[in-house]
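Please look over the sequence and the structure shown here, and then read the notes below, which take up a few of its features in turn.

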Amino acid sequence: MTQKQIYELKKKRRLQRQRRRNATVLLALLLILVCTLFSCGAKQKQPSITEYITYIVSDGDTIWEIAQYYCGNCIDIRIAVNQIEEINGISNATIYSGDSLLVPVYSH
């Protein structure tokens, strides 16, 4: 083998290794992307109502604050407000001191 042939053979092998390395990196990145997409789209366990408490409204209370206190860490606060309004037959979000409200309590 001549020096030129040896050089060409080494160059060819180097290119093959570089292509293989590039393909491996690309495959790894695609795998990470697919795993990320699937984990983000995975359904998380939805909280469920475990009980209802009776809450007596005090001066200055709002449904939003009550929902935030009892449900804020488990579900979207807007959903909690709507549920409290539906459960208690409230249509205009007006509550008065002394009113008794059923409030759902959630668990994960």
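## Salt bridge

In this predicted model, the count of salt bridges comes to one, a salt bridge being a side-chain nitrogen of Lys or Arg within 4 Å of a carboxyl oxygen of Asp or Glu. The side chains of Arg78 and Asp76 are the ones that meet, at 2.5 Å from N to O. Arg78 counts as exposed because its relative accessibility is 54%, whereas Asp76, with a relative accessible area of 31%, is partly exposed; here buried means under 20% relative accessible area, exposed means over 50%, and partly exposed lies in between (1.4 Å probe, protein chains only).

## Basis of the model

Residues are numbered from 1 along each chain as its sequence is written. Local features need pLDDT of at least 70 and side-chain atom pairs count only at pLDDT 80 or more, while totals for chains, interfaces and linings use all residues, and side-chain values use heavy atoms, with hydrogens and water left out.

The pLDDT, which is the predictor's confidence in each residue from 0 to 100, averages 87 over the chain, and 94% of the residues score at least 70. Confidence is lowest in H1, at a mean of 88, and highest in H3, at 92; helices (H or I, at least four residues) and strands (E, at least two) are DSSP runs, numbered from the N terminus.

## Helix H2 and its packing

Which residues of helix H2 (residues 63-71) are buried? They are Ile63, Ile66, Ala67 and Cys71. Seen down the axis of H2, these buried residues fall within an arc of 100 degrees, so they line one face of the helix, the arc being that of the directions from the helix axis to the C-beta atoms. The buried residues of H2 pack against strand E1 (48-56), helix H3 (77-87) and strand E2 (100-107).

Gln83 belongs to helix H3 and counts as partly exposed because its relative accessibility is 25%. Gln83 and Ala67 are 16 residues apart in sequence and 9.1 Å apart in space, C-alpha to C-alpha. With its neighbours within four places in sequence left aside, Gln83 is in contact with Ile75, Pro104 and Tyr106, where contact means heavy atoms within 4.5 Å.

## Nonpolar surface patch

Leu26, Leu30, Leu33 and Leu37 form a nonpolar patch on the surface, and together they have about 400 Å² of accessible area. Leu30 lies in helix H1 (residues 3-41) and counts as partly exposed, because its relative accessibility is 45%.

Patches are made of residues with over 30% relative accessible area and no salt bridge, with like charges joined within 9 Å and nonpolar side chains (Val, Leu, Ile, Met, Phe, Trp, Tyr) within 5 Å. Accessible areas come from the Shrake-Rupley method with a 1.4 Å probe, and for residues only the protein chains shown count as cover.
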